[in-house]
Amino acid sequence: MAVRLVVTFMAQPGKGEAFADAFAPVIKEVHQEEGCKQYELFRGAENPDKLVLLERWTSAEDLDAHMELMRARG
């Protein structure tokens, strides 16, 4: 069963672009993980300091493995 996540971040005022830029290398790495079907970060049109991460994983096990890798990265 596929798993979808919608994660909302609020960057500090005026820091949305810097947040997105800093997150870009993580996105590239995660795209290589087993079961990753979508991992995209979007900035709000009305509030560019509000960011939304859309994730889609093939299975809960793939998401669990991703979360373990993220915890290991710190």
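Entry 1. I began with helix α1, residues 16-30, which lies across β1, β2 and β3. I noted its direction too: helix α1 runs at about 170° to β2. I was working on a predicted model. Next I looked up helix α2, residues 60-73. Helix α2 also lies across β1, β2 and β3, and I logged an angle of about 130° to β3.

**Entry 2. Strand order.** In which order do the three strands of the open sheet lie? I read β1-β3-β2, with antiparallel pairing. The edge strands are β1 (3-10) and β2 (36-43), and each pairs on one side only. I also checked how neighbouring strands are turned against each other: the average is 10°, ignoring direction. As background, I reminded myself that strands of a sheet pair through backbone hydrogen bonds.

**Entry 3. Pairings, one by one.** I took β2 with β3 (residues 50-57) and found antiparallel pairing over seven bridges. β1 and β3 are antiparallel too, over eight bridges. Then I looked for residues that stand opposite each other. F42 stands opposite V52 in β3. T8 also has V52 of β3 opposite.

Entry 4. I picked G44, which sits in the loop between β2 and β3. Is G44 buried, partly exposed or exposed? I noted a relative accessible area of 25% for G44, so I wrote it down as partly exposed. I then took the separation from G44 to S59, 15 residues along the chain. Their C-alpha atoms are 28 Å apart.

**Entry 5. Two faces of β3.** I sorted the residues of β3 by face. L51, L53, E55 and W57 make up the covered face. K50, V52, L54 and R56 make up the uncovered face. The general rule I had in mind is that side chains alternate between the two faces of the sheet in a regular strand.

Entry 6. A20 has a relative accessible area of 18%, so I logged it as buried; the cut-off is under 20%. Which residues does A20 touch, leaving out those up to four places away in sequence? I found L41, R43 and L51. L51 belongs to the covered face of β3. For L41 I also checked the spacing: A20 and L41 are 21 residues apart in sequence, yet 7.3 Å apart in space, C-alpha to C-alpha.

**Entry 7. Salt bridges.** I searched the whole structure and got three salt bridges. I kept the general point in view that side chains of opposite charge can pair when their charged atoms come close.

- E29 and R73 meet through their side chains at 3.3 Å, N to O. E29 is in helix α1 and R73 in helix α2, and this pair links distant parts of the chain, 44 residues apart. I read a relative accessible area of 42% for E29, partly exposed. R73 is also partly exposed, at 41%.
- R73 forms a salt bridge with E33, with the closest N and O atoms 3.6 Å apart. Why does this pair tie together parts that are 40 residues apart in sequence? Because R73 lies in helix α2 while E33 lies in the loop between α1 and β2. E33 is buried, at 11% relative accessible area.
- E68 and R71 meet in a salt bridge at 3.0 Å, N to O. Both are in helix α2, three residues apart, so about one helical turn separates them. I have E68 as partly exposed at 48% relative accessibility, and R71 as exposed at 53%.

**Entry 8. Recap.** Helix α1 and helix α2 each lie across β1, β2 and β3. The sheet is open, with the order β1-β3-β2. R73 of helix α2 pairs with E29 of helix α1, and R73 also pairs with E33 in the loop between α1 and β2.

Notes: Residues are numbered from 1 along each chain as its sequence is written. This is a predicted model: local features need pLDDT of at least 70, side-chain atom pairs count only at pLDDT 80 or more; totals for chains, interfaces and linings use all residues. Side-chain values use heavy atoms; hydrogens and water are left out. Two strands pair if DSSP finds at least two bridges between them. Helices (H or I, at least four residues) and strands (E, at least two) are DSSP runs, numbered from the N terminus. Axes are lines fitted to C-alpha atoms, for helices over the stretch in contact, and angles run from 0 to 180 degrees between N-to-C directions. Contact means heavy atoms within 4.5 Å. A salt bridge is a side-chain nitrogen of Lys or Arg within 4 Å of a carboxyl oxygen of Asp or Glu. Buried means under 20% relative accessible area, exposed over 50%, partly exposed in between (1.4 Å probe, protein chains only).
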